[in-house]
Amino acid sequence: MIMEELDPDNAGYIMIHNLETLLLQAPNQSVRVGDSRILSQMLSQKLKPTQENNPLRKCYQKIKYFLMDNWQRVWIMLLWLGIVGGLFAYKFVQYRNKAAYDVMGYCVCIAKGGAETLKFNMALILLPVCRNTITWLRNKTKLGLVVPFDDNLNFHKVIAVGIGIGVILHGGAHLTCDFPRLLHATEEEYEPMKPYFGDEQPDNYWWFVKGVEGVTGIIMVVLMVIAFTLATPWFRRNKLNLPKPLKRLTGFNAFWYSHHLFIIVYTLLIVHGIKLYLTKKWYQKTTWMYLAVPMVLYACERLTRALRSSIEPVKILKVAVYPGNVLALHMSKPQGFKYKSGQYMFVNCAAVSPFEWHPFSITSSPGDDYLSVHIRTLGDWTRQLKTVFSEVCQPAPAGKSGLLRAERENNSRGFPKILIDGPYGAPAQDYKKYDVVLLVGLGIGATPMISIVKDIINNMKSEDNNLESGLTVNNNNKNSSFNTRKAYFYWVTREQGSFEWFKGIMNEVAEMDEKRVIELHNYCTSVYEEGDARSALIAMLQSLHHAKNGVDVVSGTRVKSHFAKPNWRQVYKRIALHHPDSRIGVFYCGAPALTKELRQLASDFSHKTSTKFEFHKENF
């Protein structure tokens, strides 16, 4: 390629100074700017926060910015804390005026206050995981404007902490204070307690433990500790270096199965709430009242999920195994399966495990006549799934992408049976309400963004067809929810082979997007940044190859790849300068490490410029 470029006359040699010129030419800017004025603005505008010397004003600004960014979370948390605090206070005062207080003192008030918060939280914790209900609420109602549905799993964890505190207050007060006081009470003091604990005063701890109340309480605490522990990131994400025999206690499977202990816990909770020491009237035993509606709702959720997924397995249309241990499944779209770009669905493969369901972003767009998911092997289940599908695949023929490949019409062995459940709402589905979106995907985190990019392309096609047909496109049409007029897609990956996952989509966007609605930026982090001497040769080859063939030598697509990591501050700065007085939707899917930086930059630029960046992160 160098000889073709520098020796067009086929002299058989090139001059050193010509090679130097080629090697030292300025690399293409990763941020294309067509206006030198905007470029000078970018270089001069540092966007550093002004130093505020007044501590009160500084504190006021911090609180103001925090509330501006988090007002939805704040009011939900205040409401929750208010209800929990009110229930605790109500029960505390109620038992302060009962005969039990004379024997057990404030201990019984604390125990019963903690119990009341436990009932409420044990009921509430089921609601954030009612995915069908949440998806319906965010799709069909305006509640998403005031309720942060994207934080449903975070709120689930917060409630779990509240349950832990309630258990400590309730169990701790009973075991360390109430029961000892009752054991050491005089006959006169014990007299009012006979209707509750019997005519004979208990003489040891075993009396309390062996009863239904004690047994159910202890078993519940043990099961909760197991479930809570295995749900922590250290266990769930295999971050602990445990001995081999204990390895089964880590990973997603351990988290999944231990969380289903809740069935036993709720059964014991109802029994525990019926067999109370100090409450004998049925209408005062309120545990079942708290739990009734959430448990019925959750049971309906699970029943709906089971029926919807088991009616008919989807037909596998195409399978491909790509570099980087990625499995792509293309399947038939069930009748009535309507979804939005950015949403996800659960996948089950009986050949791997009949009970496990795992969530994956949908990579096809709503306009496609098929469903697709791209699955990276990161654990036992995904590894086995790739294995069972690889067995029915053949090496990819010339001109087809992937290492291994199989299509339905050419496959005589048959594909493993797949069940799906969904779709479910996700943060990225709200991209249509923004005029401008910044889509960031790290590695396999590009999957929901690819669906969005395809959806934008399909909407562009639809608008063009309408114009050709003589139909006018009314941007103010209230029935049309598609507002996006510009999209910036940044895909950052370590391995060059990753670009093959969505090669077809990239080429389609590059060919079709004549109006430059979508800006595609691929970054390969395993190469030194542009301008670094260590990447000069590959940068030169890349420029030559792209100029001659219109194809990037790194990604194999029409989209030119950049090297190293993006300068996210410059990315935000450029968007802010090109889109003043606009609301930008920032959607991120990938490793948690980048979340903090992208969220902080969104906050900084929103406060210091007229452009407002709203950050959304995918949660599974």
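Predicted model: local features only at pLDDT ≥ 70, side-chain atom pairs only at ≥ 80, totals over all residues.
Let's start with Tyr-434: with a relative accessibility of 1%, this residue counts as buried. In total, the model holds 20 aromatic pairs.

**A stacked pair**
- Phe-360 and Trp-381 form a stacked aromatic pair, with 6.1 Å from centre to centre and 25 degrees between the planes.
- This pair links distant parts of the chain, as Phe-360 belongs to strand β4 (residues 358-361) and Trp-381 to helix α17 (residues 380-390), 21 residues apart.
- Phe-360 and Trp-381 are both buried.

**An edge-to-face pair**
- Back to Tyr-434, whose ring partners that of Phe-587: the centres are 5.9 Å apart and the planes stand at 70 degrees, so the pair is edge-to-face.
- Because Tyr-434 sits in the loop between β8 (418-424) and β9 (436-442) while Phe-587 is in strand β13 (residues 583-589), the pair ties together parts that are 153 residues apart in sequence.
- Phe-587 is buried too, and its relative accessible area is 1%.

**A ring cluster**
- Phe-88, Phe-92, Tyr-101 and Tyr-106 are joined into a cluster by ring pairs.

**Charges over rings**
- Lys-98 places its charged end over the ring of Tyr-95, at 4.6 Å from the ring's centre.
- Another example is Arg-236, which lies over the face of Phe-255, 5.4 Å from the ring centre.

Definitions and conventions: Residues numbered from 1 in each chain as written. Heavy atoms only, no water. Phe/Tyr/Trp six-rings, centres within 6.5 Å; stacked < 30°, edge-to-face > 60°. Helix = DSSP H or I, 4+ residues; strand = E, 2+ residues; numbered from the N terminus. Buried < 20%, exposed > 50% of the residue type's maximum accessible area, 1.4 Å probe, protein only. Lys NZ or Arg CZ within 6 Å of the ring centre and 35° of its normal.
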